[in-house]
Amino acid sequence: MQKLRIVGGRRLVGQVKASGAKNAALPIIAAALLTADDVVLHNVPDLADVRTMAKLLEGMGVTFEELGNGSVRINAGNLTSTQAPYELVKTMRASVVVLGPLTTRFGNARVSLPGGCSIGARPVDQHIKALKMMGAEIEIDHGYMQARAGRLKGCRIVPDMVTVTGTENIMMAAALAEGTTVIENAAREPEVMDLAECLNKMGAKITGAGTSQIVIEGVEKLHGCEHSVIADRIETGTFLCAALATGGDVMVTDTVPWAMEAVIGKLREAGGDVEVGEDWIRAKISGRPKAVDVRTIPHPGFPTDMQAQFMALDAVAQGTGRIVETIFENRFMHVPELQRMGADIHVDGHTAVVQGVEKLDAANVMATDLRASACLVIAALAAQGESVIERIYHLDRGYEHIEAKLSALGAQIERLN
């Protein structure tokens, strides 16, 4: 089990390049199942989740070739299986996005139910309901979703709640369906927009991505394409939070400021001097940050994936911040670990009240999920002394070479085997 050792109390200063977004790369890799041609992707991050998705596709007979420098070539011309086994799906819930492409192109898919996730229930019933409306027969059999279909038929779909992977699965299924599909109450995330852009390059006819109504006009077949994955707004936000928590000055380049308005607003509210360019954001601060209130809501609101990082920032800020989590019911598992470092936090249901302290103390802590890991890294960077963070395999699912990037900004951080 690998760990991170961090000696805190050093200001982060310098420039760091944002990696490609995990949450965009995974569905776009799955979209390669929709064609027999080559799909070449650039800016694909080197992450555990991307490797899991590659393994999942390779198990189906897809060729997944790394071309170097974050580029990959994927070819699903000779599929040997349409099954996504539990062993892989359980490690990464996002792999459920193969359900739509397999069902619509091959008329057959057997995808494991994702099982539990530490941050809460994320049901796939919306995916199943939508595919059934489009004419697929789906049964649950020994923990697997077994889908069978002729050519799917377009229809109007109104999910009960905003679901990102649900929106993506429906978009991909509808791309090859007969007629027009309209998704109301669609997820508006930038990663959904990136998937739509890639699908359109493959010959799909999708309009409205980025709004709550997406219209997909089905086509007979899709072809290959070349596409560059959007930058990771969550990784970007994590580095900027770390800059303010350590009293530093950090510029993140090759990123997507237009997709981060809610986060940028909160960084400014925290006392950060934030400058924004076309593809870069710089955040610096002198003195302690100010506590901010945060309420997570679907995009373009404040992202649930940035909640834990702002809790670490509030932990060392002046004043009291209230953090309300409305998306996932179990997303405060980092609180006991922060309390071990001397943070003053009280949780009542979906609300955490954080009373800032002047200094956190270094401690040995354990990561419980991906964003909780990032929160603990920020806390350790701001704390006095040496902290050790265990279970960092969570971190490797969503942050590319994080210790190298932080070291370049002046952090004292190393990976221990």
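This is a predicted model: local features need pLDDT of at least 70, side-chain atom pairs count only at pLDDT 80 or more; totals for chains, interfaces and linings use all residues.

Student: Thanks! How many bridges join S4 to S5, and in which sense do they run?

Tutor: The general idea is that strands of a sheet pair through backbone hydrogen bonds, either parallel or antiparallel. Strands here are DSSP runs of E with at least two residues, helices are runs of H or I with at least four, and both are numbered from the N terminus. Two strands pair if DSSP finds at least two bridges between them. S4 and S5 (residues 71-75) run antiparallel and are joined by 5 bridges.

Student: What is the order of the strands in that open sheet?

Tutor: The order is S4-S5-S3-S14, an open sheet of 4 strands with mixed pairing. S4 (63-68) and S14 (225-228) are at the edges with a single partner strand each, so one side of each has no neighbour in the sheet. On average, neighbouring strands of this sheet are turned by 20° against each other, direction ignored. Angles run from 0 to 180 degrees between N-to-C directions, and axes are lines fitted to C-alpha atoms, for helices over the stretch in contact.

Student: Now S15: which residues lie on its two faces, and are they buried or exposed?

Tutor: In a regular strand the side chains alternate between the two faces of the sheet. In S15, Asp-249, Met-251 and Thr-253 are on one side, Val-250 and Val-252 are on the other, and all are buried. Buried means under 20% relative accessible area, exposed over 50%, and partly exposed in between, with a 1.4 Å probe and protein chains only. Strand S15 covers residues 249-253.

Student: Which strands pair with S15?

Tutor: S2 (residues 13-17) pairs with S15 in the parallel sense over 5 bridges, and there Gly-14 has Val-250 as its bridge partner. S17 (residues 281-284) runs antiparallel to S15, with 4 bridges; Asp-249 stands opposite Lys-284 in S17.

Student: Why does Val-16 count as buried?

Tutor: Val-16, which lies in S2, counts as buried because its relative accessibility is 5%. Contact means heavy atoms within 4.5 Å. Leaving aside neighbours within four places in sequence, Val-16 is in contact with residues including Phe-239, Val-250, Lys-405 and Leu-409.

Student: And helices: at what angle do H4 and H6 pack?

Tutor: H4 (residues 99-106) and H6 (residues 164-175) pack at about 15°, their axes 7 Å apart. That makes H4 roughly parallel to H6; angles under 35 degrees count as roughly parallel, over 145 as roughly antiparallel, 65 to 115 as roughly perpendicular and the rest as oblique.

Student: Which residues meet there?

Tutor: Leu-99, Gly-100, Pro-101 and Thr-104 of H4 meet Asn-169, Met-172 and Ala-173 of H6.

Student: Last one: how far apart are the axes of H8 and H10?

Tutor: The axes of H8 (residues 233-245) and H10 (residues 307-315) are 9 Å apart, at an angle of about 5°. That makes H8 roughly parallel to H10.

Methods
Residues are numbered from 1 along each chain as its sequence is written. Side-chain values use heavy atoms; hydrogens and water are left out.
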